[in-house]
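Look at the structure below and keep it in view while you read.

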Amino acid sequence: MVFDPGLLLNAIVSGLLLGGFYALATSGLTIAFGMLDVVNIAHPTFIVLGAFATFALNQATGLDPILCCLILLPVFFLLGRGFYDVYYRFFERRGDAAIQGLAFFFGVMFVVEVSLSLIFGPNHQHVETPYAWTNLGIGPVDLPVRMLIPCAMAAVGIGAVTLFFRTTFIGRAVAAVGQDEGALRLVAIDPLKIKRLAFGLSLLLAALAGGALLVVQPVDPWAGHTFIGRVFAICILGGLASMRGSWMAALLFGVIENVTATYLGPSWSPAVAFGLLLLTLAVRPQGLFAR
Amino acid sequence: MMKFTRRSLLATGSAMVLAAGLGLSAPALAQSGEPIKIGFSMALTGGLASNGKAALAAMQIWEEEINGRGGLIGRPVKLVYYDDQSNGATVPGIVTKLIDVDKVDLLLSGYSTAAIAPAMPIVIQKKMVFLTLLGFNMNSEFKYDRYFSMIPAGSDANRDFSKGFLEVAATMDPKPKSIAVVNLDAEFPKRASDGLKDNLKKYDLKVVYDQSYPPTTVDFLPIIRAVAAAKPDLVYFVSYPVDSAGLIRAIREVGLKAMMVGGGMVGPQIGSFKTMMGPAMNNMVIWDTYVPEKTLNFPGIQELLAKYQPRSQGLDPLGFYVPPLAYANMQILEQAVTKVGKIDQGALAEYMHANTFSTVLGDVKFDKMGEWSQERLLLVQYQNINGNGLEQFKQPGTQAILYPPQYKSGNLVYPFEAKR
């Protein structure tokens with residue numbers, strides 16, 4: 001292929017946009033898996049649940065899907081708190097969290113998928129928006145609004161949560177709870193309350209990613225399977241518990257996928273991207289962007 | 001060390017059992033009297049469920065009709081089916097149960113290649129007649145003489161699948177000189193793509209881009225940009241529904257230009273896909289099995305669609321794709337059993353090889369491999385689509401048939417230019 005700078009520039013820009021969406025999809029897992037050590041394999045399915053809830057609200061009200069998604073955030077926050085209570089009561093409290101917890105979330109994944117299929121049917125669902133087919137091209141660079149909006153949502157959502165973690169007492173407690181629960185108790189903080197809040201935030205971010213997913217592509221109840229490998233890989237690359245790290249790793253992942261797809265062919269994309277994960281685990285097991 | 005307590009195991013087990021239980025379809029229907037039992041697996045959950053459920057709806061329409069007419073050779077008919085969850089691994093167990101436990105009299109396949117291949121060894125061992133639904137060139141390796149295929153792809157399916165696209169492309173002036181080929185990494189798309197490349201020698205076309213993409217692909221923009229950079233005259237895709245949607249969006253966002261674009265996309269045949277993509281499909285040229293053009297007004301097709309569409313809640317709202325094929329399978333079974341007069345697998349297979357069947361998709365005759373003796377895949381061009389309304393797709397004119405010549409209903413509009 002003849003080298004075309006426009007092609008390379010477009011591959012990088014579209015990779016960054018895709019990476020923005022990946023960052024949003026991974027951010028909730030960074031909290032659950034990275035900070036709380038909860039192997040929530042159902043996280044992508046919660047994203048799909050967020051997409052379907054957004055779809056249902058959009059169909060019922062005619063409101064823009066992004067607005068619908070924002071309206072649903074408190075519901076998912078409460079749902080996340082409730083889920084953590086169940087998880088804590090039946091698994092974590094007994095110290096059985098590892099394999100049984102994994103099985104629990106595996107079961108949750110099936111139940112959610114089948115429930116969505118029974119309620120909405122097995123077809124792909126999508127929403128029609130005025131901006132779905134708009135491309136804000138700047139010169140030779142394509143900027144499809146369909147990908148730009150999820151990237152913007154990621155910047156705002158992850159930025160707000162990161163700011164919360166860094167600047168508030170409760171936020172710092174969330175960052176600390178996975179490292180030393182005893183230290184939290186010493187300053188009179190109930191770790192369970194903090195973990196419940198953190199898991200609520202995790203599902204809130206999943207709902208936000210679900211709204212973005214509905215803008216990016218049509219969804220069916222099993223759409224989460226596409227993202228399981230990616231979100232865990234990005235979370236690990238980013239250093240597990242680092243919001244900033246997972247953001248950077250997601251952008252890197254997106255750019256590698258798209259540049260590879262452009263120049264080597266799309267079938268090489270996962271091999272190169274996951275090859276980077278293996279290399280990272282070998283030479284820097286704490287993740288590329290861990291502090 | 002992790003502790004496995006009885007209570008935690010119970011909790012985990014309950015979640016798994018609940019999930020597995022919900023993943024199964026309704027159990028096989030209760031039996032009464034001595035019905036003729038027709039067994040099959042079907043994708044009622046999982047990624048293929050939208051087409052699986054539509055197939056089941058058409059088969060149930062036939063079941064109601066045949067029982068309303070007094071049954072088959074004087075006996076009532078019962079469909080016995082289980083959900084294969086769109087997972088081929090579940091199929092051998094289901095087929096074994098249908099044959100050994102439910103003692104079905106006749107056997108059909110589930111939806112598509114993924115449900116057919118795992119059943120073949122068992123079906124061959126039991127010497128059952130096997131009528132399959134949308135299995136692509138499945139019998140080329142098994143060579144089973146009681147296999148019959150409901151897909152109008154012909155006896156050389158790999159090559160015949162792209163024949164219409166290339167034949168129509170050859171009619172353009174000037175003649176196209178190059179082609180880009182993009183296919184999903186999966187069995188059917190790979191076979192169809194290989195068949196296309198086998199055909200190219202005859203048409204003097206140079207392949208300037210040839211890539212496959214993994215099923216987990218999210219962003220199709222890099223693929224379409226790379227295709228555009230190769231400047232092909234023709235662009236041929238073989239893709240599944242979500243990918244087809246991603247590809248068509250990317251084609252529009254990049255503003256792809258070529259003489260002819262389309263090919264073997266799966267998805268545009270389904271009503272909800274047509275309304276989702278709307279005008280973005282204008283001038284794309286894509287394979288199909290049935291569209292409501294006047295040249296395809298076969299006996300019974302309108303009656304079937306009139307019965308299917310009111311019960312299509314949550315399914316393909318048009319029912320042009322899978323329901324006619326599934327219903328035609330039942331018609332063939334009905335005609336064969338009626339003529340043979342008994343359930344005799346050998347006699348049925350012999351009759352089915354020797355005779356022509358009248359179906360809602362026209363006359364069907366099988367060759368010695370059980371494929372349609374005459375390939376009849378349609379090549380359709382989407383024309384004059386305005387907005388995303390469903391009704392326009394029920395009218396002639398929006399999906400003009402370009403191939404085969406005996407069903408042609410419109411002329412090719414070219415070149416293709418996607419509006420950004």
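**Where the two chains meet**

In this predicted model, the contact between the chains takes 47 residues from chain A and 48 residues from chain B. Which helices of chain A each supply at least two residues of the side that touches chain B? They are helix 1 (5–35), helix 4 (97–120), helix 10 (243–263) and helix 11 (269–283). Helix 4 of chain A gives the most to this side, with eleven residues. Sorted by class, the side of chain A that touches chain B has 22 nonpolar, 18 polar and seven charged residues.

Now turn to chain B by itself. Its domain assignment gives domain 1 (10–154 + 302–365) and domain 2 (157–294 + 378–417). Each of these domains is written as two stretches of the chain. The contact between them takes 14 residues from domain 1 of chain B and 17 residues from domain 2 of chain B. On the side of domain 1 of chain B that touches domain 2 of chain B, ten residues are nonpolar, three are polar and one is charged. The centres of the two domains of chain B, taken over C-alpha atoms, are separated by 29 Å.

Next, find helix 9 of chain B, which covers residues 221–230. Is this helix mostly covered or mostly open? It is mostly covered, for eight of its ten residues are buried. These buried residues are B:Leu221, B:Pro222, B:Ile223, B:Ile224, B:Arg225, B:Ala226, B:Val227 and B:Ala228. What do they pack against? Within chain B, the partners are strand 6 (178–184), strand 7 (206–213), strand 8 (234–239) and helix 10 (241–254). The buried residues of helix 9 of chain B also pack against helix 1 and helix 10 of chain A. Both of those chain A helices are among the ones that each supply at least two residues of the side of chain A that touches chain B. Just after helix 9 of chain B comes B:Lys231, with a positive phi of about 50°.

A:Gly211 lies in helix 8 of that chain, which spans residues 191–216. Why does A:Gly211 count as buried? The reason is its 32 C-beta neighbours inside 10 Å, since a residue is buried if 20 or more other C-beta atoms lie within that distance of its own. Leaving out residues up to four places away in sequence, A:Gly211 touches A:Gly50, A:Ala51, A:Thr54, A:Pro65, A:Ile66, A:Cys68 and A:Cys69. A:Ala51 is 160 residues from A:Gly211 along the chain, yet their C-alpha atoms are separated by 5.1 Å.

Methods:
Residues are numbered from 1 along each chain as its sequence is written. Chains are lettered from A and ligands numbered from 1 in the order in which they are written. This is a predicted model: local features need pLDDT of at least 70, side-chain atom pairs count only at pLDDT 80 or more; totals for chains, interfaces and linings use all residues. Helices (H or I, at least four residues) and strands (E, at least two) are DSSP runs, numbered from the N terminus. A residue is buried if 20 or more other C-beta atoms lie within 10 Å of its own, exposed if 12 or fewer, and partly exposed in between; C-beta atoms are placed from the backbone. Two residues are in contact if their C-beta atoms, placed from the backbone, lie within 7 Å. Domain bounds come from an automatic or database domain assignment. Ala, Val, Leu, Ile, Met, Phe, Trp, Tyr, Cys and Pro count as nonpolar, Asp, Glu, Lys and Arg as charged, and the others, Gly among them, as polar.
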